[in-house]
Amino acid sequence: MNGVDGTGYRPPPNSMQRPPGPGGMMPPSQMGHPHQKAMPPSSHPDMVLRNDHFTGMSRANQPPPGQYPPTSMTNQMQNMNINASSQGLQYHGGPPQSYSGPPISLHATSVPGHTPTSGYMNSQANNSMPPGVNYPPTGNIPPNSQPMGMQNMSNPAHRPNVPPVHNSATTSPQYPMGHSHPHGHPNQPNQYVNSPQSYPPRSNQASMPGNQPPMSSPPGMYSQPPMPGQPPMGNQRQFSNQPPMPGQPPMSGQPPMPGQPPMPGQRPMSGQPPMPGQHAMPGQPPMPGQRPMPNQQQPYPGGQQPYPGAPMQQQRKLDPDQMPSPIQVIEDDRSKSTEPFRTDCPGAVPPLVTTDFGVEDCGSASPSYIRCATYSLPSTSEIANDCRVPMALSVQPLAKPRNEAPLSIVDPGPDGPIRCKRCKAYMCPQFKFTDGGRRFQCCMCCAITETPPQYFNHIDHMSQRVDKFHRPELCRGSYELMVTKDYCKNDKFPEAPAYIFAIDVSYNAVKSGLVNLLCENLNALLDDLPREQGAEESAIKVGFFTYDRTLHFYNLKSTLAQPQMLVVSDVSEIFVPLQDGFMVSLKESRSVINSLLEEIPKMFADTRESEIVLGPVVSCAVQAMKAAGCNGKLFLFGTTMPTIDSPGKLKNRDDRKVIGTDKEKGLFSPAGTFYTKLAKDCVEQGCCVDLFLFPNQYMDIATIGQLSLLTGGDIYKYNYFKPEVDGHRFISDLHHDIQRDIVFDAIMRVRTSTGIRAVNFAGAMHMTNTTDVELAGLDCDKAISVELKHDDKISEELGAYVQVALLYTSVGGNRRLRVHNIHLAVCTQISDLYRSCEADVLINYFAKYAVMHAMQQGLQKTKDELIARAATILSAYRKHCAHPSSAGQLILPECLKLLPVYLNCLLKNDSVHSSQEISTDDRSFMRQLVLGMDVAKSQLFFYPLLLPVGAGGPVKAVRCSEDRLVDDKAFLLHNGINSFLWIGSEVDPTWIRDVFGVQSAAQIDIDTGMLRQMDNPASQTLCNIIDGVTAKDSRSSKLVVIRQRDKLEPWFRRFLVEDKVLGAGPSYVDFLCHIHKEIRAILS
Ligand SMILES: [Zn+2]
């Protein structure tokens, strides 16, 4: 998704896809407590919104710590002063009030840089939590002042009281920094022990139940329609974003089916617009462009509508154009990232995930593999506690390299990899050779190890090995190592992995056309099973079974003319009825497999069996792998919840009444322990589980999702599956899933230099002790969050080192290690830390934190914590790094100036927002997605890309707000999961004809879920844009066409994340003011 705005579109066609990721982690937050310090008298009573901009100090050109160019030369801060009376910026309990005080003026000022301040001085620690946040209760969001519709593009005429922008240069910064200090140590339960333990003996590692980090719950996705107990009707129409079925209340933000009006007596859901082609009826939400009638109750997501009793006219607090813009930041980063990013400058912040850039691995891992919330770690826990910027890493060990060399594979020989004798860290560029090369010192624990004779080489006058550049482990941040049997289970090299396909052949699956579609396509997809690098064909074995309330196995021995079916009907004590012939070589048994896939749809065509079992299906796959001594993946296709009496039987527990209450979190915790235990069995066997779900009603994804979450798998979900609409997307997802890079039976260990350690992990993974991340499977799309904590002071001169080692079985059955090393800077000045932050990583971490913690303590508390934490982060900057100014000034660090807007997007997101409009399963699904997301995916997911397309004009991303929409254009909105094509009412009919092949927008068939390319430039251009936008997605998304003022428009507007969304959250402007108020509360 990245990199596709602006002009040059590369059109790498690809179907629309989106990202998944890992999840799980973090400790209870300790919200920050700022220390107070008397601020110098304010020179003006203004509120200043300022972005400290350290030009030349962030990104690629950033010199290593200690070598910052003189600030006065390089700091061109773009500052914005917003003059407003401070009282106007308060929320008065209950719903936040929009600012209605004196006029606000905005002016950009050029502010000088930033002088490092002297060290920390002790001051009184304030351990109290920041004041409660009192965030606006849902549903009570203050009205947006702007008239609805009329998409005026930031026309100043609509913002009275906004004076012209002018520049005023201020000089010399002298930041007051005295300051503060310790809040002692994190009062966080530290159950993590950094015990140096060697990798191999996995079986010897004591498992410490109860000690593992909190695992996340499973999540759900957007379009979950029907409610439990409401079986889908036979012929229902499925369409984009799966709307509710007739007679069923629309779920989660799902719009009703096209052509279906809201049901009588039904609460107007956000998303329930007038019928396509129809004009809004009285009582229906006003169309964009219409002003809602006062006192008319209309939940209109994304629409601005005053809540009852609210003043109609309110002034806008701030001009959105003067607030930090994600689009501007992304563009600026792209324009300045022209050179490949070299990884030898500790502390340097790499280009953003939205920028396409090259990387030169100069001994530290590429940002493709590891990104950090801050690349300059505070030297003490006191500083860390002061600023509360998490020392979080997003690790994506198998990321596909982009614009950089693939990793080298090193064969260390029969003695195995060279390691530190004490902490077992692997040889890396940061180890130092001494004594003429006869010894080396570990950068992690400082122990000295003798160089094994066969590894000895001389060192030069710089103490560098003379063969340094011939050995990847001595000069690269990332590399792979072949390993010996010591690194394998039972001292035996592994078998090649197996892919097992378990196909639901119950009535729903067959009747929906799923079984037919799957069997028709699966054969061809198997051609793309992943291969070992350089291998001609895949070594992966395949096996198939089908199931309903019984299990059907197939003997696929190559010597058979036809597959043999064996039925196991007693599912209470499941066993695999055949040892030989179940998992076979694709090449040898191809014809038998072909024949099986042809036969399955016929065999079950007339089934009447509507119930399925689930637990026994998974148990069988695990047993089969166990019997064959291999690991691999189970592709499980299922349409309903297992309700019949069998192991793993579930019941509907989707109690919508608890939403918004304390009990809500229970909906997202697994029911019982059956599936969690089963998932652990899978992990033990190295069996990764991917769930392809086709629900027509509640499936309890919070429970069955444990199977994929704990095993490093994914959930794919197609509500109300219809082959003609969803088939393409499903097959595309399955294709991606089958062919992508993946490893199995993996263990990831994070080692750190003395003074810090990895304490919390989050992702699609499992942990049985405090240090080893167990991954039944890990693919190229998944990222794992790791949080570091201080054990002790760390040294500015030495820096900090993190080594992530992943031991795994490759798709070719080879046991290998992948090692990523990163060298981070250490700072004693808090200002250096703020210069090395990356907002996208911070939000990725916060998102996973929110999902994990919402499970335990509920949503509201979690959100309040995040807001308080963000306020602490920003107030600490204000206090320690910004120069004296009035408390009314909002001063944002350059690297974190998008923190408020992104945080607001996160808090409003359906994955963490409590809403009646989203089904429980969709929310569970989304939570699981979030837990697995890498930084690029979370950036896009929380702040969607909005591109004007069609009918001329530049294709350049715009901010995600209704204000940016114009009637004579079409806009593409994409967040990696959802895609919309919004068509303005005044769009040139010629363009409509070219793109859709119909005469007018009203005639567009919006139910197709995709766009067909026509033979004309307009259509080709649009398709190329869509392909470019979705090129990096790891999932397909359905393209939903939204006509301006159409019934579905409110659904689309939920994704305009800078706007207020009724019932979900405030606008960017309001949120920024709210955060500012929090900051001021902390500072005073
Ligand atoms: Zn060591």
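Before anything else, the model is predicted.

I will start with the metal. Which residues hold the zinc ion as protein donors? They are Cys420, Cys423, Cys442 and Cys445, each through its SG atom. The donors lie 2.2 to 2.3 Å from the zinc ion. The angles that the 4 donor atoms subtend around the zinc ion run from 99 to 116°, so the arrangement is tetrahedral. For reference, the ideal angle for four tetrahedral donors is 109.5 degrees.

If you follow the sequence, the donor residues are spaced C-x2-C-x18-C-x2-C. Cys420 sits in the loop between β10, residues 409-410, and β11, residues 432-434. Cys445 sits in the loop between β12, residues 439-441, and β13, residues 448-450. The pair therefore ties together parts of the chain that are 25 residues apart in sequence.

Next, disulfides. A disulfide is a covalent bond between the sulfur atoms of two cysteines. How many disulfides does the model have? The count comes to 0, with a pair of cysteine sulfur atoms needing to be within 2.5 Å. Take Cys362 as an example. The closest cysteine sulfur to that of Cys362 belongs to Cys345, and at 8.1 Å it is too far for a bond. Cys362 is partly exposed, with a relative accessible area of 25%. Cys519, in contrast, counts as buried, at 4% relative accessibility.

Now the helices. Two packed helices are described by the angle between their axes and the distance between the axes.

The pair I will take to begin with is α6, residues 514-525, and α7, residues 590-603. Their axes come within 8 Å and cross at roughly 165°. That angle is over 145 degrees, so α6 is roughly antiparallel to α7. The crossing of these helices, α6 and α7, is left-handed.

The other pair is α16, residues 899-908, and α22, residues 1068-1083. Here the axes are 9 Å apart, and the packing angle is about 110°. How does α16 run relative to α22, and why? The range for roughly perpendicular is 65 to 115 degrees, so α16 is roughly perpendicular to α22. The crossing of α16 and α22 is right-handed.

That is the end of the talk.

Key:
Residues numbered from 1 in each chain as written. Predicted model: local features only at pLDDT ≥ 70, side-chain atom pairs only at ≥ 80, totals over all residues. Heavy atoms only, no water. Donors = N, O, S within 2.8 Å, 3.2 Å for Na, K, Ca; no water. Tetrahedral: all angles 85-135°; square planar, octahedral: opposite > 155°, others 65-115°. Helix = DSSP H or I, 4+ residues; strand = E, 2+ residues; numbered from the N terminus. Buried < 20%, exposed > 50% of the residue type's maximum accessible area, 1.4 Å probe, protein only. Axes fitted to C-alpha atoms, helices over the stretch in contact; angles between N-to-C directions. Parallel < 35°, antiparallel > 145°, perpendicular 65-115°, else oblique. Left-handed = near helix turned anticlockwise from the far one by under 90°.
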